[in-house]
Amino acid sequence: MECAVVWLQFICIEKNSTKDLDVILDDIIKHLLPARTFEACYPSLDKILSILLSSQDDVTELFSLSKFLPFLDLFQKESVKVEACKSILSAFRSTNEGSTRSPIAVSSFIYICKTLHNSVNALTNEDQKRDISELINYFISSVSYDRDFEEQLGFYVECRDAFSNLDSILFYLVQSVCCLAVQTLNITKGNHNKKEWIICKRMCSLLLHHHTQYTLLFYPTRPLLAGWPGGSSQLISCSV
């Protein structure tokens with residue numbers, strides 16, 4: 001493993017092709033996976049991940065490596081994998097300078113965020129929940145499909161299904177959907193065609209249909225509805 005770390009540092013310093021990175025990651029996987037040798041190599045694996053993250057100006061470029069996600073699967077101990085996922089999302093937050101819409105990057109980040117979300121249990125303290133929620137919310141905020149409102153809404157719905165156990169993420173999703181609704185209103189000047197109106201109705205119903213969560217989730221978003229015709233009552237009528 002020490003040899004692999006040195007070679008990886010050399011490849012990253014020399015800015016070699018992604019093919020070279022894939023070759024060395026594939027070699028690491030082949031050596032560690034069969035006999036579960038990776039269980040004794042978590043510190044080295046963590047160092048390799050740190051080298052990969054620090055060598056990239058754009059963390060999303062790592063997802064173009066065919067062996068990056070299989071490499072992450074070597075982190076099978078839950079606590080170690082959770083920390084690895086936090087490191088990836090933290091590096092993304094510190095280096096990201098624009099929006100993300102690449103299907104590969106989005107699906108890979110959702111997988112990483114699900115790992116964090118699913119690690120939350122009755123023993124997780126509030127500080128840990130807050131840290132995880134902030135990382136996931138940053139990822140959600142970074143995904144933009146511009147004026148493809150249906151695609152954007154579909155992404156929010158997927159996130160609602162994937163991250164339903166953290167209230168602050170649900171708060172953020174409701175706010176994002178309300179902003180998306182107002183955005184469509186501003187563009188169409190209130191003259192929605194049939195397709196746009198259906199999308200607007202879905203915006204309301206798909207995120208606010210759980211009556212047990214309605215009061216909890218709706219109140220923080222109310223100030224965002226000032227630009228909606230009829231105010232909050234119009235949004236409520238769409239969700240019924």
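Q: Which residues have the most contacts inside the largest nonpolar core?
A: They are F71, I88, F139, I140 and F155. The core has 65 residues. The model is a predicted one.

Q: What does I140 touch, not counting residues up to four places away in sequence?
A: I140 touches F155, Y156, C159, F163, I169, Y172 and L173. F155 is, like I140, among the core residues with the most contacts.

Q: Why are helix 7 and helix 9 called roughly parallel?
A: Their axes cross at roughly 20°. Angles under 35 degrees count as roughly parallel. Helix 7 and helix 9 are therefore roughly parallel to each other.

Q: What is the hand of the crossing where helix 7 passes helix 9?
A: The crossing is right-handed.

Q: Which residues of helix 7 and helix 9 meet?
A: Helix 7 brings S133, I136, N137, I140 and S141. Helix 9 brings S168, I169, Y172 and L173. By class, this contact has five nonpolar, four polar and no charged residues.

Q: How do you know whether N137 is buried or exposed?
A: N137 has 14% relative accessibility. Buried means under 20%. N137 therefore counts as buried.

Q: Where is N137, and what is N137 in contact with?
A: N137 is in helix 7. Leaving aside neighbours within four places in sequence, N137 is in contact with S168, I169 and Y172.

Q: What makes helix 5 oblique to helix 6?
A: The axes of helix 5 (residues 78-95) and helix 6 (residues 103-118) cross at roughly 130°. Roughly perpendicular covers 65 to 115 degrees, roughly antiparallel is over 145, and roughly parallel is under 35; the rest count as oblique. The crossing angle therefore makes helix 5 oblique to helix 6. These axes come within 9 Å.

Q: What is the hand of this crossing, and which residues make the contact?
A: Helix 5 passes helix 6 in a left-handed crossing. From helix 5 come K81, V82, C85, K86, I88, L89 and F92. From helix 6 come F109, Y111, I112, C113, T115 and L116.

Q: How do the residues of the contact of helix 5 with helix 6 divide into nonpolar, polar and charged?
A: There are 10 nonpolar, one polar and two charged residues. I88, listed in this contact, is also among the core residues with the most contacts.

Q: What is phi of D146, and where does D146 lie?
A: Phi of D146 is near 55°, a positive value in a residue other than glycine. D146 lies in the loop between helix 7 and helix 8 (149-162).

Notes. Residues are numbered from 1 along each chain as its sequence is written. This is a predicted model: local features need pLDDT of at least 70, side-chain atom pairs count only at pLDDT 80 or more; totals for chains, interfaces and linings use all residues. Side-chain values use heavy atoms; hydrogens and water are left out. Axes are lines fitted to C-alpha atoms, for helices over the stretch in contact, and angles run from 0 to 180 degrees between N-to-C directions. Helices (H or I, at least four residues) and strands (E, at least two) are DSSP runs, numbered from the N terminus. A crossing is left-handed if the near helix is turned anticlockwise from the far one by less than a right angle, and right-handed if clockwise. Contact means heavy atoms within 4.5 Å. Ala, Val, Leu, Ile, Met, Phe, Trp, Tyr, Cys and Pro count as nonpolar, Asp, Glu, Lys and Arg as charged, and the others, Gly among them, as polar. Buried means under 20% relative accessible area, exposed over 50%, partly exposed in between (1.4 Å probe, protein chains only). A nonpolar core is a set of buried Ala, Val, Leu, Ile, Met, Phe, Trp, Tyr and Cys residues joined through side-chain atoms within 4.5 Å.
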